[in-house]
Amino acid sequence: QVQLVESGGGLVQAGGSLRLSCAASGRTFSTDNMGWFRQAPGKEREFVAVISGSGGTELYANSVKGRFTISRDNAKNTLYLQMNSLKPEDTAVYYCAARRSSFGSFDDWGHGTQVTVSS
């Protein structure tokens, strides 16, 4: 099992930027696919982005493509989400997640960090 701790959330005005971090421990980080998800009030949790263990493959939800960038530093066991041109509809609790395979469900989840974008 891997432990995941998110940080970097906060309050930002529309058009602003934030960078989220997710510190991982307990398993070899570089072998895990890592993802970001979010859950807005009253809505189901949704996929944001995923990155392969090597960092060579990234996938994004259409709603964030071109604005968000997922990255990882395997030497630091840390996952990042750079969020630019933020919109009020990006307001949500953001979670990082890990899975051992390249597909399928994510096995381990962090507790989340709140991102609030004001208009």
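## The disulfide

The link of Cys 22 and Cys 96 is right-handed, with 45 degrees about the S-S bond. Their sulfur atoms lie 2.0 Å apart, within the cut-off for a disulfide, which is a pair of cysteine sulfur atoms within 2.5 Å. The pair connects distant parts of the chain: Cys 22 belongs to strand β3 (residues 18-25) and Cys 96 to strand β9 (residues 92-99), 74 residues apart. Strands here are DSSP runs of E with at least two residues, and helices are runs of H or I with at least four, numbered from the N terminus. A search of the whole structure finds one disulfide. In general terms, a disulfide is a covalent bond between the sulfur atoms of two cysteines.

Cys 22 has a relative accessible area of 0% and is therefore buried; Cys 96 is likewise buried, with a relative accessible area of 0%. The cut-offs are under 20% relative accessible area for buried, over 50% for exposed, and in between for partly exposed (1.4 Å probe, protein chains only).

## Basis of the model

This is a predicted model, in which local features need pLDDT of at least 70 and side-chain atom pairs count only at pLDDT 80 or more, whereas totals for chains, interfaces and linings use all residues. Residues are numbered from 1 along each chain as its sequence is written, and side-chain values use heavy atoms, with hydrogens and water left out.

## The open sheet

Four strands form an open sheet in the order β1-β3-β8-β7, with antiparallel pairing. The edges are taken by β1 (3-7) and β7 (68-73), each with a single partner strand, so one side of each is left without a neighbour in the sheet. On average, neighbouring strands of this sheet are turned by 15 degrees against each other, direction ignored. Such angles run from 0 to 180 degrees between N-to-C directions, the axes being lines fitted to C-alpha atoms, for helices over the stretch in contact. Two strands count as paired if DSSP finds at least two bridges between them.

Strands β3 and β8 run antiparallel and are joined by six bridges. On its other pairing, β8 meets β7 in the antiparallel sense over six bridges. Asp 73 has Thr 78 in β8 as its bridge partner. Four residues lie between the strands in the hairpin of β7 and β8, where Asn 77 takes a positive phi near 55 degrees.

## Salt bridges

The structure contains five salt bridges, each defined as a side-chain nitrogen of Lys or Arg within 4 Å of a carboxyl oxygen of Asp or Glu. Two of them involve Arg 27: one with Asp 32 at 2.7 Å, N to O, and one with Asp 108 at 3.3 Å, N to O. Asp 108 lies in strand β10 (residues 108-109) and Arg 27 in the loop between β3 and β4 (33-39), so this pair ties together parts that are 81 residues apart in sequence. Both Arg 27 and Asp 32 are buried. The relative accessible area is 17% for Arg 27 and 7% for Asp 108, which is also buried.

Another salt bridge joins Arg 38 and Asp 90, whose closest N and O atoms are 2.9 Å apart. Because Arg 38 lies in strand β4 and Asp 90 in the loop between β8 (78-83) and β9, the pair ties together parts that are 52 residues apart in sequence. Arg 38 is buried at a relative accessible area of 6%, and Asp 90 is buried at 0%. Salt bridges with shared partners join Arg 38, Glu 46, Arg 67 and Asp 90 into one network.

## Aromatic rings and charges

Four aromatic pairs are found in a search of the whole structure. Rings of Phe, Tyr and Trp (its six-membered ring) pair if their centres lie within 6.5 Å; planes under 30 degrees apart count as stacked, over 60 as edge-to-face and the rest as tilted. One aromatic cluster is formed by Phe 37, Phe 47, Phe 106 and Trp 109.

Trp 109 also has Arg 45 over its face, at 3.7 Å from the ring centre. The charged end of Arg 72 sits over the ring of Phe 29, 4.3 Å from the centre of that ring. A charge sits over a ring if NZ of Lys or CZ of Arg is within 6 Å of the ring centre and within 35 degrees of the ring normal.
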